[in-house]
Amino acid sequence: NRVNIERDCEDSLRRLGTDYIDLYLLHWPARYTPQSNWGQSLQYHRDTEGSPYYRNHASFEEIAEAMSKLVKAGKIRGWGMCNDNAYGLAASCAAAKLLGGGAAAPCVMQNDFSLIDRRAEENGVSEASSPIHENVGFMAYNTLAGGFLTGKYLSGPPPAPDDKDLLRGRGSLAKPRGRMDTMGWGRTLYRYRSEPASQAVREYAALADKYGMTLTEMAIKWCQSRDLVTSTLLAHTSMQQLRQCLEIAKDSKYNNDGSRRLLLPEELMWEIDRVHMKNRLPIFASERVGSNWYGEGEIGERIP
């Protein structure tokens, strides 16, 4: 609610030791939506709307009013949401318009987006955020799919949570290659290494090799090239990887005169689309769903 939003902003300003925050994001939607789940939930279940966790959640109008107050006070420059969908984006913008008086609409959305998770382009977010509609920026996170799109898990032992060799798995936990070699995030991010996702990653890796680049380079440049994406967020396991990613990401998809620049060859972009068409939601597909799980995924989330 507005009290929490304002209090949390004040707390963040104090901890950061600054007078204002450039972008203030809602980490999760206040309302129920299956797209705010780390697992493989996609179906909307109306019976979950009445869960005590979501009862009396803040309305779109209340959130827009609280954020607008913070903008007018100079405490934030703009606001947005994370892990939301097209409905949340459009409703938030509509709420700000209904409030009137110069109320601040969201200026950005931050969502999971990569070669193996193109939902935002195909579920309405790209349409809603377009400059001719709500004109909202999009920040892509997990561009490297928890490290899977670096290719480092394609050879060697499987990620620690999946390794049936317990001794080897302990070794991976002791010297992790990244988040997939941890029992916390490693289990939570299992969807990025489902068999359909892994198959897609293997095919993308073969394409990268065919075109003489690393899988990391192809994944980042593909993300940067998309019309939807205004910012690509990068996370790293090491300083070496940080330097590598910064070198890859230095080119803009726009020339100085505003015209578009090709970051990847057109032929490669089409080959990537051909792989995508085999399974358009690979991280939400799974071949290891137990017959006795009865509506639960691997981390207890509700599926399908």
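What follows is a walk through the pockets, the core and a few individual residues of this structure.

This is a predicted model, in which local features need pLDDT of at least 70 and side-chain atom pairs count only at pLDDT 80 or more, while totals for chains, interfaces and linings use all residues. Residues are numbered from 1 along each chain as its sequence is written, and side-chain values use heavy atoms, with hydrogens and water left out.

Let's start with the open spaces. The largest pocket holds about 630 Å³ of space. It is lined by 30 residues, and W28, P29, A30, Y53 and Y54 are the closest to its centre. On a 1 Å grid over the protein atoms alone, a pocket is an open set of points with protein on both sides within 12 Å along at least five of seven lines, a cavity is a set of points where a 1.4 Å probe fits but cannot get out, and lining residues have an atom within 4 Å of a point. Grid points are joined across faces, edges and corners, and a volume is the space filled by probe spheres set on the points. At least two lining residues of the largest pocket come from each of α1 (2-16), β1 (21-26) and α2 (60-72); helices (H or I, at least four residues) and strands (E, at least two) are DSSP runs, numbered from the N terminus. Sorted by class, the lining of the largest pocket has 14 nonpolar, 12 polar and 4 charged residues. Here Ala, Val, Leu, Ile, Met, Phe, Trp, Tyr, Cys and Pro count as nonpolar, Asp, Glu, Lys and Arg as charged, and the others, Gly among them, as polar.

The second largest pocket has a volume of about 400 Å³. Its lining is made of 22 residues, with Y141, N142, G146, R179 and A235 the closest to its centre. By class, the lining of the second largest pocket has 9 nonpolar, 11 polar and 2 charged residues.

The structure holds 2 cavities of 30 Å³ or more, and about 120 Å³ of space lies in the largest cavity. Of its 13 lining residues, A30, R31, F60, I63 and D84 are the closest to its centre. Two or more residues of this lining come from each of α2 and β2 (76-82). The lining of the largest cavity divides into 9 nonpolar, 2 polar and 2 charged residues.

Next comes the packing. The largest nonpolar core has 65 residues, and F113, I116, F138, L149, Y204, M218 and I272 have the most contacts inside it. Such a core is a set of buried Ala, Val, Leu, Ile, Met, Phe, Trp, Tyr and Cys residues joined through side-chain atoms within 4.5 Å. Helix α8 (residues 195-210) gives the largest share of this core, 7 residues. Leaving aside neighbours within four places in sequence, Y204 is in contact (heavy atoms within 4.5 Å) with L115, I116, L215, M218, I272, V275 and H276.

Q40 sits in the loop between β1 and α2. Q40 counts as buried because its relative accessible area is 8%; buried means under 20%, exposed over 50% and partly exposed in between (1.4 Å probe, protein chains only). The side chain of Q40 reaches the backbone oxygen of A285 at 3.2 Å. Beyond four places in sequence, the contacts of Q40 include Y190, R191, I303 and P304.

That brings us to I303 and P304, which are joined by a cis peptide bond with omega of about 15°. P304 lies in the segment after α11. Most residues other than glycine have a negative phi, and most peptide bonds are trans. N83, not a glycine, has a positive phi of about 60°, and Y294, also not a glycine, has a positive phi of about 45°. N83 is buried because its relative accessibility is 7%, whereas Y294 is exposed because its relative accessibility is 71%.

Finally, S129 is found in helix α5 (residues 125-129). With 7% relative accessibility, S129 counts as buried. The side chain of S129 reaches the backbone oxygen of V125 at 2.9 Å and that of S126 at 3.4 Å. Not counting residues up to four places away in sequence, S129 touches L89, N135, V136 and L228.

Terms used. A polar contact is a pair of N or O atoms within 3.5 Å; within protein, one must be able to donate a hydrogen and the other to accept it, and residues adjacent in sequence count only if both atoms are side-chain atoms.
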